Amino acid sequence: MFHAILFYSFAAVLIGAALGVIFSRNPVHAVMFLVLAFFQSSVLWLLAEAEFLAIVLILVYVGAVMVLFLFVVMMLDINVEEARDGFTRYRWFGLGIAMLMIIELMQLIWLRGSDVMSGTGFAATPEGYSNTKALGAVLYTEHVYAFELAAVILLLAIIAAITLTMRKRPGLKMQNISRQVAVKSKDRVRVVKMDSEKSQ
């Protein structure tokens with residue numbers, strides 16, 4: 001019973017965080033809601049005893065999202081001084097999300113360390129079971145075509161992002177690599193010879 005209560009409470013927070021990502025007008029708030037959503041998903045994976053997926057979700061997605069957000073901030077050419085001045089406005093929002101994550105982790109650690117989960121919730125895994133091995137076996141046998149299709153879709157997304165970035169627009173400086181490589185020194189450097197002058 002307690003296992004189901006935790007599951008539905010974490011799932012409700014996950015849905016709320018996903019809605020916050022969609023409806024938030026501030027990009028900083030949207031990213032923090034997205035981090036919270038990823039964290040809730042990893043907690044649900046931990047409840048399902050899929051530790052590998054939970055750790056991958058935290059390390060890969062949360063790290064990648066934050067790096068992507070930094071790239072977006074750099075590309076938008078935001079005034080650093082103004083952003084630094086307004087950073088303190090978000091400290092309570094960030095502290096609230098951090099406290100929520102800490103409370104949920106403490107509840108989950110207490111739940112896994114107690115006997116509450118025995119006989120309830122998901123079926124217990126046998127001794128020596130590796131969900132990483134089981135995931136790889138299922139992913140590369142039963143769902144290998146879906147996995148390859150996802151890889152092709154991601155490749156198309158990368159190509160589309162590069163194409164949108166390199167499209168022609170006013171003020172965009174394009175590089176011609178072949179012309180830069182084929183350039184000669186006489187085309188770029190001019191040696192001027194003049195007689196030496198004597199100081200008066």
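Me: Okay, what pattern does the chain follow, read along the sequence?

Reply: The chain follows α-α-α-α-α-α-α-α-α. The total is 9 helices and 0 strands, where helices (H or I, at least four residues) and strands (E, at least two) are DSSP runs, numbered from the N terminus. Before we go on: this is a predicted model, where local features need pLDDT of at least 70 and side-chain atom pairs count only at pLDDT 80 or more, while totals for chains, interfaces and linings use all residues. Residues are numbered from 1 along each chain as its sequence is written, and side-chain values use heavy atoms, with hydrogens and water left out.

Me: What makes Ser42 buried or exposed?

Reply: Buried means under 20% relative accessible area, exposed over 50%, and partly exposed in between (1.4 Å probe, protein chains only). Ser42 has a relative accessible area of 4%, so it is buried. Ser42 sits in helix α2 (residues 27-47). Leaving out residues up to four places away in sequence, Ser42 touches Ala54, Leu57 and Ile58, a contact being heavy atoms within 4.5 Å.

Me: And why is Gln40 called buried or exposed?

Reply: Gln40 comes out at a relative accessible area of 0%, so it counts as buried. Gln40 also lies in helix α2, and it touches Phe10, Val13, Leu14 and Glu104, again not counting residues up to four places away in sequence.

Me: How do you know whether the span of α2 agrees with what its residues should give?

Reply: The expected span of a helix is 1.5 Å times one less than its number of residues. The 21 residues of α2 should therefore span 30 Å, and its end C-alpha atoms are 30 Å apart, which agrees. Just after α2, Glu49 takes a positive phi of about 60 degrees.

Me: What about α1: how far does it reach from its first C-alpha to its last?

Reply: With 22 residues, α1 reaches 32 Å, close to the 32 Å expected. The buried residues of α1 are His3, Leu6, Phe10, Ala11, Ala17 and Gly20.

Me: Which residues make the nonpolar surface patch?

Reply: Ile15, Leu19, Ile22 and Phe23 make a patch of about 460 Å². Like charges are joined within 9 Å, and nonpolar side chains (Val, Leu, Ile, Met, Phe, Trp, Tyr) within 5 Å.

Me: Where does UniProt place the feature "transmembrane region"?

Reply: The unreviewed UniProt entry puts it at residues 6-23, 30-48, 54-78, 90-110 and 144-164. Those positions use the numbering used here, feature names are shortened, and annotations may be inferred rather than shown by experiment. In the model, residues 6-23 are 100% helix and 0% strand, with end C-alpha atoms 26 Å apart. Residues 144-164 are also 100% helix and 0% strand, with end C-alpha atoms 30 Å apart.

Me: Last one: what makes Thr132 partly exposed?

Reply: Thr132 has a relative accessible area of 35%, so it is partly exposed. Thr132 lies in helix α6 (residues 131-139). The C-alpha atoms of Thr132 and Phe52 are separated by 6.2 Å, though the two are 80 residues apart along the chain.

Conventions: Patch = residues over 30% accessible without salt bridge, like charges linked within 9 Å, V, L, I, M, F, W, Y side chains within 5 Å. Areas by Shrake-Rupley, 256 points an atom, 1.4 Å probe, with all protein chains shown as cover. Salt bridge = Lys/Arg side-chain N within 4 Å of Asp/Glu carboxyl O.
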